[in-house]
Amino acid sequence: MDELTAAVLSNALVLAAEEASIVVVRAAFSTFIVEGSDAAAAVLDAQGRLVAQSAATSLAHAYSLKASVASLLEDHPPATMVAGDVFVMNDSYRGGIHANDLVIFQPVFVDGEARWFAGTLIHVADLGGSSAGGMHATATDIFQEGVQLPPVRLTPELLKILALNSRSPDEMLGDVQALVAGTTAGCRRLDALIAEHGAELLAEGIEEHLDRTERLVRHELVTLADGTYRGGYVIDDDGIHDQSLDIAVTVTVAGDGATVDFTGTSPHVSAAINSSLSQTMSGAFYALRCFLDGSIPVNDGMFRPFDVRVPEGCLLNPRAPMPTGGRFIAVYAVVDAVLEALSQARPDRAVAASGILTPFTLASVESAPTPWLQMAFEFGGVGARRGKDGVDGTGMHFGLGRSMVPQVEPVELRCPLRIESVEVIDGSGGDGRWRGGRGTRTTYLLLDDAVATFRCDRHRNPPPGREGGQPGRPGGYFVIHAGGGPERLPDKAANVRLSAGDRFVIETSGGGGFGIQEGTTA
Amino acid sequence: MSALLGVDIGGTFTDIVVVDDGGRATFGKLLTTPEDPAAAFVDGALDALARAGVAPADVTRVAHATTLATNVILERRGVPVAFVTTAGFRSLLTLGRASRTGDQRFDLFFDAEESPVPEDRCFEVPERLGPLGVVVEPLDETAAAAVVDRIAELGVASVAVCLLHAYANPVHERRLGELLEARLPGVPVVLSSEVWPELREHDRAATTVMSAYVGPVMAGYLDDLGRRLGAVGVRAPIHVMDSGGGVMSAALASRRAVRTIESGPAAGVVAAARTGARAGIGDVLSFDMGGTTAKAAVVRGGRPELTYDFRVGGSASGGGHGGGLPIKVPAVDLVEVGSGGGSIAWVDPAGTLRVGPRSAGADPGPACYGRGGTRPTVTDADLMLGYLDPAGVAGGSVLLHPDRSEAALQEHVAGPLGMSVLEAAAAVHDLANALMGDAVHIVTVQRGIDPRRFTLVALGGAGPMHAARIAERFAIDRVLVPVGTGVGSALGLLTTDVTTERSHALVAPLDALDPAAVAALLAEVERACLADLEVGTDDVVVERSVDARYRGQGHDLNVGAPSGEVNAAWLAAVGDAFHARYAERYGSATPRPVEVVAVRVRVRQPVPPADVTVTGGEGRPPSKRPAWFADAGGFVPTEVHHRDALAAGDCVSGPAIVQEPEATVVVPPSWSATVDIRGDLMLERARG
């Protein structure tokens with residue numbers, strides 16, 4: 001294949017995924033994904049390979065659609081698919097993430113045979129379970145987390161079932177409509193490519209695109225020193241049992257390939273923080289990517305040089321019916337553990353630990369005449385880097401930026417909440433030769449009774465420093481009753497009842513410091 | 001004899017157009033003088049006026065596009081600003097809302113977005129409004145006075161004020177403004193409720209701060225320019241291009257400096273629209289190729305599309321989520337990608353040819369400029385392929401050295417890829433077309449618009465050299481190359497109406513709106529627009545539009561709203577327009593309730609368009625040189641026509657090159673070019 005055709009096809013494939021993501025994000029109703037934070041779109045093929053991934057959506061889902069399409073193909077061989085089919089699923093143990101993350105696939109046919117798929121995924125507004133908006137922080141099995149869907153055809157009857165199980169059926173149906181609009185846009189683009197270049201040339205272009213990506217990754221891996229590097233992360237607790245949990249990773253770099261082994265990680269728990277396998281893989285690949293050239297596309301070719309081993313039944317590859325709705329804690333632990341391991345392989349690119357994502361949900365009480373829901377998150381400080389302080393209130397969250405933090409005015413317009421302040425917490429970044437980024441404090445005044453659901457980590461074991469740097473200041477969730485002072489809430493809790501006049505305070509952790517501060521001794 | 005003067009200052013070249021009252025045009029192109037942009041402006045203008053035989057005093061209007069505001073923001077060289085906001089939100093700008101996109105997402109060493117206002121110049125005052133503008137806590141006058149005192153001690157050059165929910169009620173901002181102005185005479189105070197009275201405090205604050213930051217620089221520049229033009233005898237009013245496709249008085253431009261962002265590219269889109277209109281074509285795609293970027297935009301029914309989500313300073317400028325600081329101004333919805341004539345070609349470690357995003361810019365420039373550049377650029381490839389005349393570009397002011405292009409291509413592309421220099425040049429040219437075509441792709445296919453029914457209008461010195469090939473990719477069969485395409489944006493300036501636009505937040509379900517209240521709000525916004533233009537209601541065109549979404553969505557769409565009385569039928573028409581627009585963008589509309597977010601009013605005072613006609617037919621006879629056309633078998637002897645030798649009705653069959661002092665048109669095999677009655681060149685592809 002000539003250079004130009006290869007380049008044109010690679011660009012076109014990525015743009016097809018991009019177009020699908022733009023449509024789904026802009027047409028969505030769930031405010032949680034408005035900035036593309038919990039969404040993904042991709043082009044995949046009938047062999048279950050990821051061909052192209054949208055660049056404008058969260059990298060937390062870099063592997064989700066690939067893992068899901070495998071189950072789709074298992075249950076529905078391509079030969080059984082017909083024009084007009086649209087599939088939906090969310091099964092956590094078969095490629096899904098958690099109940100609220102709906103995945104949609106739509107086939108692209110060549111001569112009546114399904115050859116490729118457009119896939120989209122977003123966190124929909126509500127799909128049942130025992131906590132509004134999903135992600136019940138103290139669930140003990142998956143049945144408390146919402147409706148489970150194996151890969152099935154999206155029919156009007158199924159939509160009725162989903163609507164009946166949602167607290168906000170209109171918005172949920174609007175989200176499904178947005179997901180399908182996204183896959184339709186992606187399919188349209190692929191159809192146009194097939195019409196323009198022919199299916200065989202497109203198929204050839206895809207092989208070339210994946211092979212080139214693989215070569216680029218292997219070329220980069222050679223620059224890492226061969227060796228075995230270990231990383232870890234201690235999770236404070238799972239929200240149910242008062243015990244810490246370990247994430248362990250061993251990265252072995254050998255030539256132009258690497259093995260990433262999570263043996264040594266704690267067993268799964270009957271608590272929400274388990275990470276489904278697709279999420280573990282996404283986290284691991286995100287962290288690995290941070291040590292490669294950033295312009296390398298995300299597709300199957302990027303995955304090939306890595307052998308990722310995740311023991312079944314551990315926290316990062318749970319068995320049914322362990323819940324997975326609080327998975328982001330384990331996923332960030334994966335990211336941080338791999339970053340720690342690779343910081344040893346590339347000391348010049350070493351980073352200290354960051355404050356992790358600090359999500360929360362405020363929702364109306366059952367008796368409220370008009371239900372409302374505010375799902376959002378705040379960011380902790382970025383860990384200090386060799387030669388550089390950390391960034392305030394941004395975290396190291398799959399490359400997300402502060403644009404994911406909602407602006408105050410639209411929230412106050414939509415919900416009976418008044419945001420009184422969003423402040424930087426001075427002195428919260430870990431000291432060191434380079435200082436960790438500072439955490440933030442956000443104060444919500446409740447104008448109506450509400451329930452709060454929240455879960456975070458690194459509040460007991462704050463983000464550690466590196467090479468003698470100090471840990472960041474731990475964050476936490478607090479309530480201030482009228483006339484009182486701040487009272488610390490648990491770090492993982494569901495449906496905490498709050499009254500009008502209470503203040504709900506979210507503090508994020510500062511990032512770890514790096515190196516020993518001049519003028520001090522270790 | 002009276003004349004109009006249009007001047008577009010770009011990153012590499014300053015383009016000049018003089019059009020006299022007989023429709024005769026004189027063009028000029030000279031290198032931009034970045035340290036003192038007015039120098040090239042005045043020199044180039046005097047030269048062009050002399051060649052046109054027009055006395056400076058006979059210039060009746062000066063229209064100007066400038067990159068000043070964009071550069072001041074990108075280079076962070078505005079004036080020192082103090083920022084005041086509601087208590088609790090002093091970190092609003094320093095925390096920022098940076099989005100990390102593309103490669104940045106994997107960068108563990110990323111930097112925080114630098115705030116235009118350092119932390120120690122951000123202040124907060126106790127006060128609070130609720131979402132509908134209800135006063136929850138009155139402005140604390142004592143605390144406010146203390147803040148004003150502290151700002152006075154700083155000696156800042158301007159002050160920006162953005163209080164929460166001020167879009168709904170400006171009462172506290174206005175009072176604070178009074179206190180500041182009383183204590184700081186002569187220091188401009190910019191209020192968010194005045195600049196952009198819409199929802200979303202960070203976007204509003206960023207826009208307000210940028211107005212305060214760039215305004216004094218713009219005012220100083222325009223004052224100086226006016227004086228220097230006056231000194232050489234040009235005393236006509238100066239109109240400055242805005243990003244939304246209109247021009248405004250120098251006085252208004254000084255107050256609204258942020259609205260001049262991307263004014264040059266916007267002028268190009270206006271030129272494309274005008275070119276289409278002259279040929280009786282309402283739907284055109286504007287394709288404008290410069291030294292470091294290429295721009296594309298959609299024009300439908302003769303009107304450029306507008307966006308209200310413009311960002312500056314990210315990986316790419318344009319509407320949407322590309323990172324950078326949000327500047328809430330109406331902007332022509334164009335997409336700018338980092339590929340142009342100066343983009344550098346290279347081979348990555350996996351052996352893949354890449355073009356850009358690094359550019360050789362004007363300094364050192366492409367290898368063939370002979371100014372020290374050693375990396376091969378798209379311009380070098382175009383020269384090797386025989387498209388560019390070695391005798392030079394920009395009217396011969398820059399001579400070209402093919403040997404340097406050859407050496408650069410050999411070392412950095414042909415050698416590593418094991419191919420000939422010509423094959424390498426062809427690959428670079430084709431890949432550049434693919435990348436620049438992505439701009440067209442984004443504004444059409446990605447927005448659900450079928451490009452095939454459009455005519456591509458090619459602008460810029462190099463635009464028509466690449467346009468036909470880009471058209472082929474999208475199955476577009478017609479490419480229109482206007483007279484003066486090499487200075488197309490400058491020409492566009494002279495066909496641009498004097499325009500202002502204002503908006504106001506109005507968040508409510510469409511079916512719950514009170515027509516009388518909407519009418520009152522529209523009238524208030526319209527009055528403010530007329531005050532901007534300093535005109536009455538005669539001779540102006542008033543256009544209304546509404547931002548709306550389905551209730552519950554986070555993103556909205558702008559749709560046109562009828563003129564005339566606001567009543568139930570008016571509201572129904574807005575709803576219909578929204579459903580139709582939504583279906584176009586996202587595939588299908590739904591019967592959900594519609595929510596209005598804001599209203600907008602745009603007031604235009606039409607100017608008589610400067611229509612340029614070139615008679616031609618008196619230039620040099622055609623010559624021949626070898627040029628590369630893969631579909632004609634490689635290097636083939638190619639006729640080179642001089643544009644001024646072609647008369648109306650003349651037709652040239654590809655492969656051919658049409659050359660003019662400021663631009664080069666490549667007519668590939670299976671294309672032909674016909675000169676129309678106005679002198680514009682229509683390229684058409686024979687299907688077969």
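These exercises, each with a worked solution, cover two chains of one predicted model.

Residues are numbered from 1 along each chain as its sequence is written, and chains are lettered from A in the order in which they are written. Because the model is predicted, local features need pLDDT of at least 70 and side-chain atom pairs count only at pLDDT 80 or more, while totals for chains, interfaces and linings use all residues.

**Exercise 1. Describe the overall build of chain A.**

Step 1. Count the elements. Chain A has 9 helices and 19 strands. Helices (H or I, at least four residues) and strands (E, at least two) are DSSP runs, numbered from the N terminus.

Step 2. Check the radius of gyration, taken over C-alpha atoms. The globule rule is 2.2 Å times the number of residues to the power 0.38. For 522 residues a compact globule would come near 24 Å, and chain A has 23 Å, so the two agree.

Step 3. Look at burial. In chain A, 64% of the 522 residues are buried. A residue is buried if 20 or more other C-beta atoms, placed from the backbone, lie within 10 Å of its own.

**Exercise 2. How far apart are the C-alpha centres of domain 1 and domain 2 of chain A, and how many residues are in contact?**

Step 1. Find the bounds, which come from an automatic or database domain assignment. Domain 1 of chain A spans 3-213, and domain 2 spans 350-522.

Step 2. Take the distance. The two C-alpha centres lie 31 Å apart.

Step 3. Count the contacts. Here 14 residues of domain 1 of chain A touch 17 residues of domain 2 of chain A. Contact means that C-beta atoms, placed from the backbone, lie within 7 Å.

**Exercise 3. Trace the open sheet of 4 strands in chain B.**

Step 1. Read the order. It is E6-E5-E9-E10 in chain B, with parallel pairing. Two strands pair if DSSP finds at least two bridges between them.

Step 2. Find the edges. E6 (122-125) and E10 (189-191) of chain B each have a single partner strand, so one side of each is left without a neighbour in the sheet.

Step 3. Zoom in on one pair. E9 (158-162) and E10 of chain B share 3 bridges. B:Ala160 has B:Val190 as its bridge partner in E10(B).

Step 4. H4 (141-154) of chain B lies across E5, E6 and E9, at about 165 degrees to E6(B). H5 (171-183) of chain B lies across E5, E6, E9 and E10, at about 180 degrees to E10(B). Axes are lines fitted to C-alpha atoms, for helices over the stretch in contact, and angles run from 0 to 180 degrees between N-to-C directions.

**Exercise 4. In which sense does E30 of chain B pair with E31, parallel or antiparallel?**

Step 1. Compare directions. E30 (623-629) and E31 (634-642) of chain B are antiparallel, over 7 bridges. B:Arg625 stands opposite B:Thr638 in E31(B).

Step 2. Inspect the turn. The two strands form a hairpin with 4 residues between them. In that turn, B:Gly633 has a positive phi of about 100 degrees.

Step 3. Go on to E33 (656-660) of chain B. E31(B) and E33(B) run parallel, joined by 4 bridges. B:His641 pairs with B:Val658 in E33(B).

**Exercise 5. Which element supplies the largest share of the side of chain A that touches chain B?**

Step 1. Count both sides. Chain A gives 56 residues and chain B gives 49.

Step 2. Name the element. H1(A) supplies 11 residues, the largest share of the chain A side.

Technical notes: A residue is buried if 20 or more other C-beta atoms lie within 10 Å of its own, exposed if 12 or fewer, and partly exposed in between; C-beta atoms are placed from the backbone. Two residues are in contact if their C-beta atoms, placed from the backbone, lie within 7 Å.
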